[in-house]
Amino acid sequence: MTFLDEPAPSAGQERLYAEDLADDGYVWDLTRVWAHQPEAKEQLVKLFDATADAAGLTPRDKAVIVLAQASAIGDSYCAVAWGKRLTDWSDPPTAIAALTGGEEPFSEREQALAAWARTVARSPGSSTPQDIQRLRDARFSEPQIVALTIYAGLRTAFSSIDSALGARPDIALAEALDPAVRTAISWGRAPE
(Lines give C-alpha, C1' and ligand atoms only; values in the text may rest on other atoms or scores of the structure.)
Protein backbone atom coordinates (compact mmCIF):
# COMPACT_ATOMS: atom_id res chain seq x y z
CA MET A 1 0.00 0.00 0.00
CA THR A 2 1.20 3.50 -0.78
CA PHE A 3 2.21 6.09 1.82
CA LEU A 4 -1.01 7.98 1.03
CA ASP A 5 -4.50 7.51 2.39
CA GLU A 6 -7.16 6.14 0.09
CA PRO A 7 -8.14 8.89 -2.38
CA ALA A 8 -11.43 10.67 -1.95
CA PRO A 9 -14.16 9.30 -4.18
CA SER A 10 -14.49 11.20 -7.44
CA ALA A 11 -15.51 10.49 -11.00
CA GLY A 12 -11.82 10.29 -11.98
CA GLN A 13 -10.92 7.98 -9.12
CA GLU A 14 -13.86 5.71 -9.92
CA ARG A 15 -12.88 5.66 -13.63
CA LEU A 16 -9.26 4.67 -12.86
CA TYR A 17 -10.33 1.96 -10.40
CA ALA A 18 -12.95 0.59 -12.83
CA GLU A 19 -10.32 0.36 -15.61
CA ASP A 20 -7.97 -1.64 -13.37
CA LEU A 21 -10.75 -3.93 -12.16
CA ALA A 22 -11.94 -4.58 -15.72
CA ASP A 23 -8.41 -5.22 -17.03
CA ASP A 24 -6.81 -7.07 -14.11
CA GLY A 25 -9.40 -7.84 -11.45
CA TYR A 26 -7.73 -5.64 -8.83
CA VAL A 27 -6.72 -2.00 -8.36
CA TRP A 28 -3.01 -1.41 -8.93
CA ASP A 29 -1.09 0.23 -6.12
CA LEU A 30 0.13 2.98 -8.44
CA THR A 31 -3.48 3.68 -9.43
CA ARG A 32 -4.17 4.46 -5.77
CA VAL A 33 -1.46 7.15 -6.01
CA TRP A 34 -2.70 8.63 -9.26
CA ALA A 35 -6.37 8.50 -8.21
CA HIS A 36 -5.55 11.55 -6.07
CA GLN A 37 -4.88 13.40 -9.36
CA PRO A 38 -6.74 11.39 -12.03
CA GLU A 39 -6.75 14.17 -14.61
CA ALA A 40 -2.98 14.56 -14.29
CA LYS A 41 -2.52 10.82 -14.89
CA GLU A 42 -4.80 10.88 -17.91
CA GLN A 43 -2.92 13.88 -19.37
CA LEU A 44 0.41 12.18 -18.68
CA VAL A 45 -0.72 9.00 -20.44
CA LYS A 46 -1.79 11.10 -23.44
CA LEU A 47 1.65 12.72 -23.44
CA PHE A 48 3.32 9.27 -23.23
CA ASP A 49 1.28 8.19 -26.25
CA ALA A 50 1.89 11.39 -28.23
CA THR A 51 5.66 11.36 -27.70
CA ALA A 52 5.94 7.62 -28.39
CA ASP A 53 3.99 8.11 -31.63
CA ALA A 54 6.11 11.14 -32.61
CA ALA A 55 9.27 9.09 -32.02
CA GLY A 56 7.93 6.17 -34.06
CA LEU A 57 8.20 3.78 -31.12
CA THR A 58 6.76 0.28 -31.33
CA PRO A 59 5.34 -1.43 -28.22
CA ARG A 60 8.61 -3.41 -28.00
CA ASP A 61 10.65 -0.17 -28.28
CA LYS A 62 8.65 1.28 -25.39
CA ALA A 63 9.28 -1.86 -23.32
CA VAL A 64 13.02 -1.66 -24.00
CA ILE A 65 13.08 2.02 -22.98
CA VAL A 66 11.01 1.53 -19.83
CA LEU A 67 12.96 -1.53 -18.69
CA ALA A 68 16.32 0.15 -19.29
CA GLN A 69 15.15 3.26 -17.44
CA ALA A 70 13.54 1.29 -14.62
CA SER A 71 16.59 -0.87 -14.03
CA ALA A 72 18.86 2.19 -14.11
CA ILE A 73 17.00 3.84 -11.22
CA GLY A 74 15.84 0.76 -9.30
CA ASP A 75 12.15 1.13 -10.16
CA SER A 76 10.82 -2.32 -9.41
CA TYR A 77 7.19 -1.43 -10.23
CA CYS A 78 7.83 -0.61 -13.89
CA ALA A 79 10.39 -3.41 -14.08
CA VAL A 80 7.74 -5.92 -13.02
CA ALA A 81 4.94 -4.51 -15.19
CA TRP A 82 6.99 -4.04 -18.35
CA GLY A 83 9.07 -7.19 -17.69
CA LYS A 84 5.82 -9.13 -17.85
CA ARG A 85 4.80 -7.38 -21.06
CA LEU A 86 8.12 -8.02 -22.80
CA THR A 87 8.13 -11.63 -21.59
CA ASP A 88 4.64 -12.11 -23.03
CA TRP A 89 5.61 -10.47 -26.33
CA SER A 90 8.98 -12.23 -26.63
CA ASP A 91 10.39 -14.51 -23.96
CA PRO A 92 12.02 -14.38 -20.50
CA PRO A 93 15.62 -14.11 -21.80
CA THR A 94 14.67 -10.98 -23.76
CA ALA A 95 13.12 -9.35 -20.69
CA ILE A 96 16.14 -10.33 -18.60
CA ALA A 97 18.50 -8.81 -21.18
CA ALA A 98 16.51 -5.57 -21.13
CA LEU A 99 16.73 -5.44 -17.34
CA THR A 100 20.43 -6.27 -17.13
CA GLY A 101 21.77 -4.29 -20.07
CA GLY A 102 22.33 -7.29 -22.30
CA GLU A 103 22.52 -6.60 -26.01
CA GLU A 104 22.19 -10.08 -27.53
CA PRO A 105 18.47 -10.26 -28.42
CA PHE A 106 18.19 -6.63 -29.51
CA SER A 107 18.60 -4.84 -32.81
CA GLU A 108 21.00 -1.89 -33.11
CA ARG A 109 17.96 0.38 -32.86
CA GLU A 110 16.82 -1.23 -29.60
CA GLN A 111 20.37 -1.15 -28.19
CA ALA A 112 20.56 2.57 -28.96
CA LEU A 113 17.17 3.15 -27.30
CA ALA A 114 18.19 1.24 -24.17
CA ALA A 115 21.51 3.07 -23.86
CA TRP A 116 19.79 6.43 -24.32
CA ALA A 117 17.07 5.57 -21.76
CA ARG A 118 19.74 4.65 -19.19
CA THR A 119 21.55 7.94 -19.84
CA VAL A 120 18.35 9.99 -19.51
CA ALA A 121 17.41 8.17 -16.31
CA ARG A 122 20.81 8.06 -14.58
CA SER A 123 22.75 11.10 -15.68
CA PRO A 124 21.27 13.25 -18.42
CA GLY A 125 24.09 15.77 -17.98
CA SER A 126 26.60 13.14 -19.10
CA SER A 127 25.12 12.80 -22.59
CA THR A 128 27.46 13.43 -25.52
CA PRO A 129 27.22 14.19 -29.23
CA GLN A 130 28.22 10.55 -29.78
CA ASP A 131 25.07 9.44 -27.94
CA ILE A 132 22.94 11.50 -30.31
CA GLN A 133 24.89 10.19 -33.30
CA ARG A 134 24.16 6.63 -32.18
CA LEU A 135 20.45 7.47 -32.31
CA ARG A 136 20.87 9.06 -35.75
CA ASP A 137 22.73 5.93 -36.89
CA ALA A 138 19.72 3.92 -35.67
CA ARG A 139 17.68 5.99 -38.15
CA PHE A 140 16.02 8.39 -35.73
CA SER A 141 15.49 11.92 -37.02
CA GLU A 142 16.19 14.84 -34.71
CA PRO A 143 12.47 15.47 -34.05
CA GLN A 144 12.16 11.78 -33.17
CA ILE A 145 15.18 12.02 -30.86
CA VAL A 146 13.54 14.90 -29.00
CA ALA A 147 10.26 12.96 -28.76
CA LEU A 148 11.90 9.78 -27.48
CA THR A 149 13.91 11.81 -24.96
CA ILE A 150 10.68 13.36 -23.71
CA TYR A 151 9.17 9.88 -23.49
CA ALA A 152 12.16 8.50 -21.54
CA GLY A 153 12.25 11.54 -19.27
CA LEU A 154 8.54 11.36 -18.55
CA ARG A 155 8.81 7.64 -17.80
CA THR A 156 11.61 8.43 -15.34
CA ALA A 157 9.46 11.13 -13.72
CA PHE A 158 6.51 8.73 -13.53
CA SER A 159 8.70 6.14 -11.81
CA SER A 160 10.05 8.74 -9.40
CA ILE A 161 6.57 9.91 -8.43
CA ASP A 162 5.32 6.37 -7.84
CA SER A 163 8.40 5.44 -5.79
CA ALA A 164 8.41 8.65 -3.74
CA LEU A 165 4.79 8.10 -2.75
CA GLY A 166 5.37 4.46 -1.78
CA ALA A 167 3.76 2.58 -4.67
CA ARG A 168 4.88 -1.05 -4.64
CA PRO A 169 4.54 -3.70 -7.32
CA ASP A 170 1.34 -5.61 -6.77
CA ILE A 171 1.74 -9.17 -5.48
CA ALA A 172 -0.54 -10.51 -8.23
CA LEU A 173 1.57 -8.78 -10.88
CA ALA A 174 4.87 -9.94 -9.38
CA GLU A 175 3.63 -13.52 -9.00
CA ALA A 176 2.56 -13.58 -12.67
CA LEU A 177 6.11 -12.70 -13.72
CA ASP A 178 8.46 -15.45 -14.86
CA PRO A 179 10.70 -16.38 -11.87
CA ALA A 180 13.91 -15.86 -13.86
CA VAL A 181 12.78 -12.36 -14.87
CA ARG A 182 11.81 -11.62 -11.26
CA THR A 183 15.35 -12.56 -10.19
CA ALA A 184 16.85 -10.10 -12.69
CA ILE A 185 15.02 -7.10 -11.22
CA SER A 186 16.94 -4.58 -9.14
CA TRP A 187 14.37 -4.23 -6.41
CA GLY A 188 13.61 -0.76 -5.14
CA ARG A 189 10.36 -1.36 -3.32
CA ALA A 190 9.39 -5.00 -2.97
CA PRO A 191 5.86 -6.24 -3.78
CA GLU A 192 3.26 -5.88 -1.09
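These legends describe close-up views of one predicted model.

Residues are numbered from 1 along each chain as its sequence is written. Because the model is predicted, local features need pLDDT of at least 70, side-chain atom pairs count only at pLDDT 80 or more, and totals for chains, interfaces and linings use all residues; side-chain values use heavy atoms, without hydrogens or water.

**View 1. Confidence along the chain.**
The chain has an average pLDDT (the predictor's confidence in each residue, from 0 to 100) of 95. A score of at least 70 is reached by 99% of the residues. Helix H8 (residues 129–137) has the highest confidence, at 98. Helix H10 (residues 171–175) has the lowest, at a mean of 92. Helices here are DSSP runs (H or I, at least four residues), as are strands (E, at least two), numbered from the N terminus.

**View 2. Salt bridge between Arg32 and Glu6.**
The whole structure holds six salt bridges. The term means a side-chain nitrogen of Lys or Arg within 4 Å of a carboxyl oxygen of Asp or Glu. Arg32 pairs with Glu6, with 3.2 Å between the closest N and O atoms. Arg32 belongs to helix H2 (residues 29–34) and Glu6 to the segment before helix H1 (11–24), so the bridge ties together parts 26 residues apart in sequence. Glu6 is partly exposed, at 42% relative accessibility. On this scale, buried means under 20% relative accessible area, exposed over 50%, and partly exposed in between (1.4 Å probe, protein chains only).

**View 3. Salt bridge between Arg109 and Asp61.**
The closest N and O atoms of Arg109 and Asp61 are 2.6 Å apart in this salt bridge. Arg109 sits in helix H7 (residues 108–122) and Asp61 in helix H4 (residues 59–73), so the pair ties together parts 48 residues apart in sequence. Asp61 is buried, at 2% relative accessible area. Arg109 is partly exposed, at 26% relative accessibility.

**View 4**
Asp88 and Lys84 join their side chains in a salt bridge of 2.8 Å, N to O. Both residues lie in helix H5 (residues 76–89). They are four residues apart, about one turn of the helix. Asp88 is exposed, with 51% relative accessible area. Lys84 is partly exposed, with 22%.

**View 5. Stacked rings of Trp28 and Tyr77.**
Four aromatic pairs are found in the whole structure. Rings of Phe, Tyr and Trp (its six-membered ring) pair if their centres lie within 6.5 Å; planes under 30 degrees apart count as stacked, over 60 as edge-to-face and the rest as tilted. Trp28 and Tyr77 are stacked, at 5.9 Å centre to centre and 25 degrees between the planes. Trp28 is in the loop between H1 and H2 and Tyr77 in helix H5, so the pair ties together parts 49 residues apart in sequence. Trp28 is buried at 13% relative accessible area. Tyr77 is buried at 2%.

**View 6**
Phe48 and Phe158 have ring centres 5.7 Å apart and planes at 80 degrees, so the pair is edge-to-face. Phe48 lies in helix H3 (residues 38–55) and Phe158 in helix H9 (residues 142–164), so the pair ties together parts 110 residues apart in sequence. Both are buried. Ring pairs link Phe48 and Phe158 with Trp34 and Tyr151 into a cluster.

**View 7. Arginines over aromatic rings.**
A charge sits over a ring if NZ of Lys or CZ of Arg is within 6 Å of the ring centre and within 35 degrees of the ring normal. Arg155 lies over the face of Phe48, 4.6 Å from the ring centre. The charged end of Arg85 sits over the ring of Trp82, 4.3 Å from its centre.

**View 8. Arg139 in the loop between H8 and H9**.
Arg139 is not a glycine, yet has a positive phi of about 75 degrees. Most residues other than glycine have a negative phi. Arg139 is exposed, at 75% relative accessible area.

**View 9. Pro93 and Pro105.**
Pro93 lies in helix H6 (residues 92–100). Pro93 is exposed, at 55% relative accessibility. Pro93 and Pro105 are twelve residues apart in sequence and 8.2 Å apart in space, C-alpha to C-alpha.
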